[in-house]
Structure formats: structure tokens, C-alpha cells
Amino acid sequence: MHCADALIARIAASSGIPSRKRREEIARELRAHVEDFASSARLEGHGEGEIERMVLASFDHPARFAANFAWVYRRERAMVRLAIFGLGTVATAAAVSAVVFAMQAGAALGFGRAPAEVLASRHTAIEATDILATVAAYVGLLSLENFFQSRRLPKSMAVLVSISVVLACAFALAGERAIFLIFGCANAIFLRSLEEFLVSGKSRLVAATAYFGLFGAFFFAVLPRSSVSLSAWLVSWAIMGVGYHLMTLIGAFIGRELSGRLPQP
Amino acid sequence: MPVEIDRELMKGSISLLLLSLLSRGEMYGYEIFQEAARRSANAFEFKDGTLYPALHLLEKKGLVNAVWRTGDNGRERKYYSLTSSGKKAAREYERQWRYLTGAVKTVLESQ
């Protein structure tokens, strides 16, 4: 019953169930059903061709069949997606932080300051939080896009903004610093928009560097003056731009690698 | 003449139907499929992939147990049986079902 085997394989594959063992078990159970159905039909005197048609008729909506299984196993799929989001965020944030801090340490040397002086500062802790928030928002945006069939980016952005606002309010109510959440959300939306509207990687790199350079200039103007010169300050922010551009490449790669193993319903 | 039952209408009764069939003893998928058709004089024919996802849902809810074993016919099949919570749920669903159908019947007959 090759036709039924192909149909069953399609149902199991498109059920979106993360566990391969479970998908194989479903296929095995459906094959057993077809075997019993065919045996009964033979006993009733039906011919092989007719039995095949009857079997195919009993699987007349394979997509609906798979969707019913997908609904039953929706929690398992959500857990796997959450794990992918967590792993993707941690791995990308670690890689981006390593690159940004190494480049900033190099730049510090160029400006005649000891790298330890730059890296040990409170600024580094704030920067690490900003990187984590931006990576989480960016990887989150990529994950959210999987949930929509049409107008994926605007819908995902709307959800991300809502989540960020709710989290920021919760942080503010708890008396904690919340600006990094808004900063991360804005960065993720900007960087994802660049990917959508600028085809060339070089243009995206230039745009990201300029965007963070402008951010740096703004903060230099509004924040209390530190001992850092404007040029060193701008270089530090431009490095952040390069780091975030790198994040879009690493984040997309890790996300693709991890979610590529998850069957889509 | 057989009546085509609306999918949404069928959805609400499928758990009760499966729990009720399994309260008579353990069965595998095709047996349930046949028993449902036989006991309802072919009114219930599981189509559109409702039977197996519904069984898996009951298994996940802990209302049925499922084990693979070789049956009397020498074939390996996945046998479903009610757990103690499944037995309790079967009685409770049946009570609710009787109450609901009684109420619906009263409304329909009052028109």
C-alpha cells in the first residue's frame, strides 16, 4: 500500500511534532490502521484497487489530519521554540559580546588607555545588558515571524513592542532600570528592517554603524560628561554598530540551524 | 439515510464517545473505529483524522494508557485502556452529556 505509506509519511512529517520518536510512532499506528482496514475489506470481498481507493478516501484531508496532531502537541512545540530562543539568544549574545569587547579593548589601546580600564568600568556592565536585550529582542523577532502566515514582520514587530512595553512597565514598577528593554526592542526593529529593505550586506553594515554612531553622539550630548573624548566615545558606539550587524548574521545562522531541526506544521 | 455530522458538533462529543467505548475494555485504533461505526449503526465514522489525534489527547491528559503489544491475531498494535481518572472522567462526561442533551431536547421540543 505505497500510496498510503506516502500519505502517512506526509501526515507525520507535517504534524509539527518535535519528537522524532513520537512522529515515527504515529506513522506506525496509522500503518497498522491501514493494514487492518485492508484486511477487513479483503474479507468483505473488495478488490485491491478498490481497497486502495477506500484507504485514500479515509485519509481525504491529510493537511487537516496533520493539523489535528499539531494541535494536540502544541505545548511540546512551544517548549522547543522557547528552548531554541533561549539557546540562540545566549549563544549569539556571547559571540557578539566577545567581539564587541575585544574591539573596544583594541580601540582603548589606540586611544592610549589600558583595556582593563575600559572593560572593568560600569559602562561594560551596562553595555553587556544592552547587548543581551538587543539579541533577545532580535532573536525573539525572528522566532515570532514563524507564527504568522502573512505580513509577518509588521505583526511580529507589534507583538515585540507590546511585550517590551509590558516588561518595561513591570521593571519600572519594581524600581528596576527598564531603558535597556526599550533600547533592545528599538535596535532589533531597526536591524531587522535593515535586513528587509537593504539587500547589500555592506549597506547594512554602514547603516548600522551610522545609526549607532548617531545614538552615541546623542548620548554624548545629553549624558553627564565623562573623561572620555568625543572621538573615543563615537568609535566605541560605532563598534557596537559593527557588533550588532554581526549579531544579525550570527543570530540568523544559529536560528536557522536550530529551528531547521524542528518540523513545521 | 445517514446524516453528515458537522465537525464542530462532533468535536465536543468525541472524548465522551472514546471514553465510553474504552470503558468496555481495552482496544486498539482500528477496533475503536469499527466499534464506533457498529454501535452507532454507521452514524459515527471517524474521518478527517479525528480518531488518532483524539486518542493521543486523552493519553496526554492521563485519561487513557497506551501500550504496544501483540494481539490475538499476531499483529502488534497500540492498545488503549482507561486509567482510573479516565473512568471517573467517563462517568462525569456522560452525566454532563445527558444533562446537556436533555436541555437541548427540551428547547427543541418547545418550539
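Q: In which helix of chain A is Gln104(A) found?
A: This is a predicted model, in which local features need pLDDT of at least 70 and side-chain atom pairs count only at pLDDT 80 or more, while totals for chains, interfaces and linings use all residues. Residues are numbered from 1 along each chain as its sequence is written, chains are lettered from A and ligands numbered from 1 in the order in which they are written, and side-chain values use heavy atoms, with hydrogens and water left out. Helices (H or I, at least four residues) and strands (E, at least two) are DSSP runs numbered from the N terminus. On that basis, Gln104(A) falls within residues 74-110 of chain A, which form helix H5.

Q: Does Gln104(A) count as buried or exposed?
A: A residue is called buried under 20% relative accessible area, exposed over 50% and partly exposed in between, using a 1.4 Å probe and protein chains only. Because its relative accessibility is 5%, Gln104(A) counts as buried.

Q: With which side chain does the side chain of Gln104(A) make a polar contact?
A: Contact means heavy atoms within 4.5 Å, and, leaving aside residues up to four places away in sequence, Gln104(A) touches Glu127(A), Ser236(A), Ile239(A) and Met240(A). A polar contact is a pair of N or O atoms within 3.5 Å; within protein, one must be able to donate a hydrogen and the other to accept it, and residues adjacent in sequence count only if both atoms are side-chain atoms. At 3.0 Å, the side chain of Gln104(A) makes such a contact with that of Ser236(A).

Q: Which residues does Glu29(A) touch, not counting residues up to four places away in sequence?
A: Glu29(A) lies in helix H2 of chain A, which covers residues 20-43. With a relative accessible area of 4%, Glu29(A) is buried. The residues that Glu29(A) touches, with those up to four places away in sequence left out, are Tyr52(B), His56(B), Trp68(B), Lys78(B) and Tyr80(B).

Q: What pattern does chain B follow, read along the sequence?
A: Chain B holds four helices and three strands. Taken in sequence order, these elements give the pattern α-β-α-α-β-β-α.

Q: What percentage of the 111 residues of chain B count as buried?
A: The C-alpha trace of chain B spans about 55 × 35 × 20 Å along its principal axes. Among contacts in chain B between residues at least 6 apart in sequence, 50% join residues at least 24 apart. Of the 111 residues of chain B, the share that counts as buried is 39%.

Q: How far apart do the centres of the positive and negative sets of side chains in chain B lie?
A: Lys and Arg count as positive and Asp and Glu as negative, while His and the chain ends are not counted; each charge is placed at NZ of Lys, CZ of Arg, CG of Asp or CD of Glu. Chain B has 18 positive and 14 negative side chains, and the separation of the two centres is 5 Å.

Q: How far apart are the C-alpha atoms of Lys61(B) and Ser85(B)?
A: Lys61(B) sits in the loop between helix H3 (51-60) and strand E2 (64-70) of chain B, and a relative accessible area of 49% makes Lys61(B) partly exposed. Lys61(B) and Ser85(B) are 24 residues apart along the chain, and their C-alpha atoms are separated by 9.3 Å.

Q: Why is the pair of Phe171(A) and Phe180(A) given its class, and what is that class?
A: Rings of Phe, Tyr and Trp (its six-membered ring) pair if their centres lie within 6.5 Å, and planes under 30 degrees apart count as stacked, over 60 as edge-to-face and the rest as tilted. Phe171(A) is partly exposed at a relative accessible area of 30%, whereas Phe180(A) counts as buried at 13%. Over all chains, a search of the whole structure finds 18 aromatic pairs. The rings of Phe171(A) and Phe180(A) have centres 5.8 Å apart and planes at 75°, so this pair is edge-to-face.

Q: What is the phi of Arg151(A), which is not a glycine?
A: Arg151(A) lies in the loop between helix H7 (122-145) and helix H8 (152-173) of chain A, and counts as exposed at 61% relative accessibility. Although Arg151(A) is not a glycine, its phi is positive, at about 40°.

Q: Which residues does Cys185(A) touch, not counting residues up to four places away in sequence?
A: Cys185(A) belongs to helix H9 (residues 179-197) of chain A and counts as buried at 7% relative accessibility. Beyond the residues up to four places away in sequence, Cys185(A) touches Ala137(A), Leu160(A), Val161(A) and Ser164(A).
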